[in-house]
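Here is a short walk along a few strands and the partners they pair with. Have the chain open beside you as you read.

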Amino acid sequence: MDSFYLICFCVGLVLSLISVVGGFAHLHIGRFHIGHAAHGHAAHGGAHRGSGISAVNGFTITVFLCWFGGAGYLLHHSSIFGGVLVLLIALVSGVAGAGLIWAVLFKLLLPRERVLTPEETEMAGVLAQVSDSIRDGNGMGEIIFSQAGARRAAAARSEDGSAIERGVEVVVIRYDRGVAYVRRWDELTNGLP
C-alpha cells in the first residue's frame, strides 16, 4: 500500500508542477498545449460571466492526488492506524488540499484577473514623453507612457523625420512592428494649452 500512496503522490506532484509551469510558460508538447489557451482563457471567461470554474478540474485533481498520496504514505508508513482509517484520512486530506488550492486560486486570485480589450492597448493617440532623444531622419529613440494602469516604454521614431529632444511630450500617431511613430504634442495643439 505504501507504493500506491507514493505513486499517487509523485504523479500528483509532477502533474501539478507541469500544470503550474505550463500556465506560466505555455508549453507545447506535440499536439498538446499546456498553458493559457488550454485552461487560462476558460478561467478568465468563467470569472467574467460569474459562473466560476468547477471545483473538479484538471488542476484540482492533480492537487488531490498529491495530497492524498502524501498523507496516505506518511500515515501508512509511520502510524498505528489501520488501512481503512488511513485511506479515509488520506481521502479527507486530498479533498481538503484540493479545496484549499481551488479556493485560493479560483475564488481569491482569478476573479481579480481580467482580459484587456484591444481598445485598452491601442497605441494611436497615447500621450507620451520622450525618454531617449529621437534623432533626425530615420533615427530611433524611446518614449515612456502610461497605459492600462502600467508604465511602459517603446521604441519611437518621429513621424515627419525631425529630431525630438528628451523630455518633450509627444503623441503616438501610429504603431507598427514595435515602433511608435510620434509627433510633438505642441505641433498638434497649435499652441493651445
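Strand E5 (residues 150-158) pairs with E7 in the parallel sense over four bridges. Within that pairing, arginine 157 has tyrosine 181 of E7 as its bridge partner. Please keep in mind that this is a predicted model, where local features need pLDDT of at least 70, side-chain atom pairs count only at pLDDT 80 or more, and totals for chains, interfaces and linings use all residues. Residues are numbered from 1 along each chain as its sequence is written, and side-chain values use heavy atoms, with hydrogens and water left out.

Strands (E, at least two residues) and helices (H or I, at least four) are DSSP runs numbered from the N terminus, and two strands pair if DSSP finds at least two bridges between them.

| Strands | Bridges |
|---|---|
| E3 (residues 127-132) and E4 | three bridges |
| E4 and E5 | seven bridges |
| E6 (residues 169-176) and E7 | six bridges |

Back to E7 (residues 179-184): five of its six residues are buried, so this strand is largely enclosed by the rest of the structure. Buried means under 20% relative accessible area, exposed over 50%, and partly exposed in between (1.4 Å probe, protein chains only). Valine 171 stands opposite arginine 183 in E7. The hairpin of E6 and E7 has two residues between the strands, and arginine 177 takes a positive phi near 50 degrees there.

Now for E4 (residues 141-147). Gly141, Ile143, Phe145 and Gln147 make up its covered face, while Glu142, Ile144 and Ser146 make up the uncovered one. In a regular strand the side chains alternate between the two faces of the sheet. Isoleucine 143 in E4 stands opposite valine 130, and serine 146 has arginine 151 in E5 as its bridge partner. In the hairpin of E4 and E5, with two residues between the strands, alanine 148 takes a positive phi near 55 degrees.
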